[in-house]
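Biologist: I would like to learn how to read the packing in a model like this one. Please show me the chain and take me through it.

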Amino acid sequence: MDRGDLQRLSKDELIDLVLRLQRPEKTSRTSSKPPSTDRKERRDKAKPGGAKPGHKGHSRALSEDFDRVVDHHPDQCPCCRASLSSDLPAETVSEHETIDLPEIRPDIERHRRLSVRCPSCGTLVIAPVPAVANGTPFGPRTHAVATYLKTFQALSYERLQGAFADLFGLTISQGGLMNMLRRSQTAFAPERDAAIAVLRRAEVVASDETGVRIEGCNAFQWVFRSREAVVHRAASTRGAVVVRELMDGHRPQVWCSDRYSAQQGHGVAHQTCLAHLARDVAFVDEASEDMLPSRLRLWLKRAFALADGIETFAASTITAKRRALERSLADILAAPTACDLARELQMKFRRARDQLLVFAAYPGLVEPTNNACERALRPAVIQRKVTNGYRAMWAANGEADVRTVVDTARLRTGVRPFQTILNAIAT
C-alpha cells in the first residue's frame with residue numbers, strides 16, 4: 001500500500017488500519033503457530049538458563065543390569081600403616097559406574113555352493129542354491145535400524161548412508177537403503193490393519209492433521225487416536241473424505257478435534273479442543289482492552305479445573321459445576337462489546353457452545369483438549385522440517401504405517417520404538 005492508497009482511505013478505514021497495525025504479533029502462546037516461529041528475546045532480557053532456585057538436584061540411577069563388578073579394597077591402614085589383606089571382611093561404602101558402547105561391526109555370513117564328484121559314478125554334484133541367495137543380503141536387524149533412523153530420527157538418505165558407514169562400517173548405496181525401507185514397510189501392514197479395526201470400534205475418537213510435501217505437492221499427515229489405537233494416514237487432501245474412508249461408516253459416540261469443518265460431524269457428540277480456544281483468547285486479551293476475553297480466560301480456567309479433577313468428583317458435583325459453567329458462559333456470550341476482536345471471539349464460542357463441555361458427560365473418557373493428537377503429530381512435523389517431505393507417496397504411506405504400529409504399541413505396553421520395529425520385521 002503506497003501513499004496514494006492511504007490518501008483514498010476514509011477516516012474510519014485509517015483508524016481501523018492503525019488499530020490492526022498496533023495489534024501484537026501472534027505467537028505459539030496465542031495461536032496455533034509452532035514455537036519455532038516465535039521471535040527470540042534479546043540476550044539481556046532472556047531468562048537465565050540452568051536450574052532455578054529451589055530446584056532439587058537429581059543424579060543418574062545405577063543400572064539394574066551390569067556385566068561385571070570391580071571391587072576396590074584399601075591397601076594400608078592410614079593410622080598404623082599395617083597392610084590390609086583382600087581376604088578381610090568388607091562392606092560396600094559406595095557404588096559407581098563406567099558405561100561405554102562396544103564396537104559394532106556387521107556380522108557377515110558368507111554362503112558358498114560346493115560341488116563334489118561322486119566316487120561311485122563320477123557325476124559332478126553341485127549343491128542347490130541356498131534360500132539366502134534369492135533375497136536381500138541384509139538381515140532383519142539391519143532393516144530395523146534403517147527404518148528406525150529414517151522414521152524416528154529424521155535422517156535423509158544421504159545422512160542414513162553416512163551413519164551406516166561411520167557407525168557400523170557397512171557400505172550401502174542410497175538406492176539400496178530405499179529398497180530396504182520399502183521391504184521393511186510391508187511388514188507393518190497386518191498390525192496397521194489391526195489398529196484400524198480397533199479404531200472403527202472405539203466410542204471416543206480424536207483427530208488432527210498437519211501439512212506436508214509429498215512428491216513435490218502439498219499434502220497432509222492425519223492422525224486418529226482412541227484409548228487403544230493410534231492410526232496415522234498420509235493423504236493428498238485435507239477434506240472430510242479422509243475421515244469417512246478411514247472410519248468406513250463407524251460413528252463413535254464422541255469425536256474430539258479443533259474447529260476445522262472437515263473434522264466436524266463424525267460423531268454423535270463433538271468435543272471442541274479447549275486448548276485451541278485458549279490460545280485465541282490469549283491473543284485477543286493481549287490485543288484488546290475489552291473485558292470479554294479476560295472473562296473467557298477465567299471461564300476456561302474453571303473448565304480446565306473441572307477436567308483435572310473430574311475423576312475424583314461425584315456425579316452430582318460434576319453436574320452442578322457443568323451447569324454453573326453453562327450459565328456463566330451464557331452471560332459472557334450475551335454481554336455487549338464494542339471491540340471487533342472480542343466480538344469475533346464471542347461468535348467463535350457461540351458457534352461451539354454445545355461442544356465445549358461434552359467431556360463432563362464422559363468422566364475419564366473424553367479429554368477437553370486434543371493435545372494427545374498434537375503430540376502424536378509432532379515427529380511428523382520434525383520430519384517435514386528436516387527432510388522437506390517425501391519423494392514418493394509409498395514412502396509417506398509406509399512411514400505412516402510404521403508410526404501407527406509403534407504408537408499403538410506404546411499405548412498397550414510402553415515398548416521402545418526400535419524393539420517394536422524389530423519385532424514387526426523379524427516375524
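Modeller: Of the 427 residues in the chain, 35% are buried. Keep in mind that this is a predicted model.

Biologist: How many helices and strands does the secondary structure of the chain come to?

Modeller: There are 14 helices and 7 strands. As for contacts between residues with a separation of 6 or more, 61% of them join residues 24 or more positions apart.

Biologist: Which residues have the most contacts inside the largest nonpolar core?

Modeller: They are Leu296, Trp299, Phe349, Leu356 and Phe359, in a core of 32 residues. Two or more residues each come from helix H8 (274-287), helix H9 (292-308), helix H10 (315-334) and helix H11 (340-351). The top contributor is H9, which gives 7 residues.

Biologist: Is Leu296 buried or exposed?

Modeller: Buried residues are those under 20% relative accessible area. Leu296 has a value of 0%, so it counts as buried. Leu296 sits in helix H9. Setting aside residues up to four places away in sequence, Leu296 touches Val281, Leu329, Ile332, Leu345 and Phe349.

Biologist: What does Phe359 touch, not counting residues up to four places away in sequence?

Modeller: Phe359 touches Gln271, Leu274, Ala303, Leu306, Ala307, Ile310, Val366, Glu367 and Pro368.

Biologist: Now the helix pairs. How should I describe two helices that pack together?

Modeller: Two packed helices are described by the angle between their axes and by the distance between those axes. Start with helix H13 (residues 393-412) and helix H14 (residues 417-426), which pack at about 120° with axes 10 Å apart. H13 and H14 are therefore oblique to each other.

Biologist: Which residues make the contact of H13 with H14?

Modeller: H13 supplies Val402, Val405, Val406, Ala409 and Arg410, while Pro417, Thr420 and Ile421 come from H14. By class, these are 6 nonpolar, 1 polar and 1 charged residues. The crossing of H13 past H14 is right-handed.

Biologist: At what angle do the axes of H3 and H14 cross?

Modeller: Helix H3 (residues 140-152) and H14 cross at roughly 135°, and their axes come within 9 Å. That angle makes H3 oblique to H14. The cut-off matters here, because only angles over 145 degrees count as roughly antiparallel. H3 and H14 have a right-handed crossing.

Biologist: Which residues in H3 and in H14 meet?

Modeller: On the H3 side they are Pro140, Arg141, His143, Ala144, Val145, Thr147, Tyr148 and Phe152. On the H14 side they are Pro417, Phe418, Ile421, Leu422, Ile425 and Ala426. The contact of H3 with H14 has 11 nonpolar, 2 polar and 1 charged residues.

Biologist: What about the axes of H5 and H13?

Modeller: The axes of helix H5 (residues 174-185) and H13 come within 9 Å and cross at roughly 50°. H5 is thus oblique to H13. In handedness, the crossing of H5 past H13 is left-handed. Met178, Arg182 and Gln185 in H5 meet Trp394, Ala395, Gly398, Glu399 and Val402 in H13. These residues divide into 4 nonpolar, 2 polar and 2 charged.

Biologist: Is Arg403 buried or exposed?

Modeller: Its relative accessibility is 4%, so Arg403 counts as buried. Arg403 is found in helix H13. Leaving aside neighbours within four places in sequence, Arg403 is in contact with Thr151, Phe152, His232, Pro379, Ala380 and Gln383.

Biologist: How many residues apart along the chain are Phe152 and Arg403?

Modeller: They are 251 residues apart along the chain, and their C-alpha atoms are separated by 8.7 Å. Phe152 belongs to helix H3. Not counting residues up to four places away in sequence, Phe152 touches Thr147, Val402, Arg403, Val406, Pro417 and Ile421. Among these, Val402 and Val406 also take part in the contact of H13 with H14.

Methods: Residues numbered from 1 in each chain as written. Predicted model: local features only at pLDDT ≥ 70, side-chain atom pairs only at ≥ 80, totals over all residues. Heavy atoms only, no water. Axes fitted to C-alpha atoms, helices over the stretch in contact; angles between N-to-C directions. Helix = DSSP H or I, 4+ residues; strand = E, 2+ residues; numbered from the N terminus. Parallel < 35°, antiparallel > 145°, perpendicular 65-115°, else oblique. Left-handed = near helix turned anticlockwise from the far one by under 90°. Contact = heavy atoms within 4.5 Å. Nonpolar A, V, L, I, M, F, W, Y, C, P; charged D, E, K, R; others polar. Core = buried A, V, L, I, M, F, W, Y, C linked by side-chain atoms within 4.5 Å. Buried < 20%, exposed > 50% of the residue type's maximum accessible area, 1.4 Å probe, protein only.
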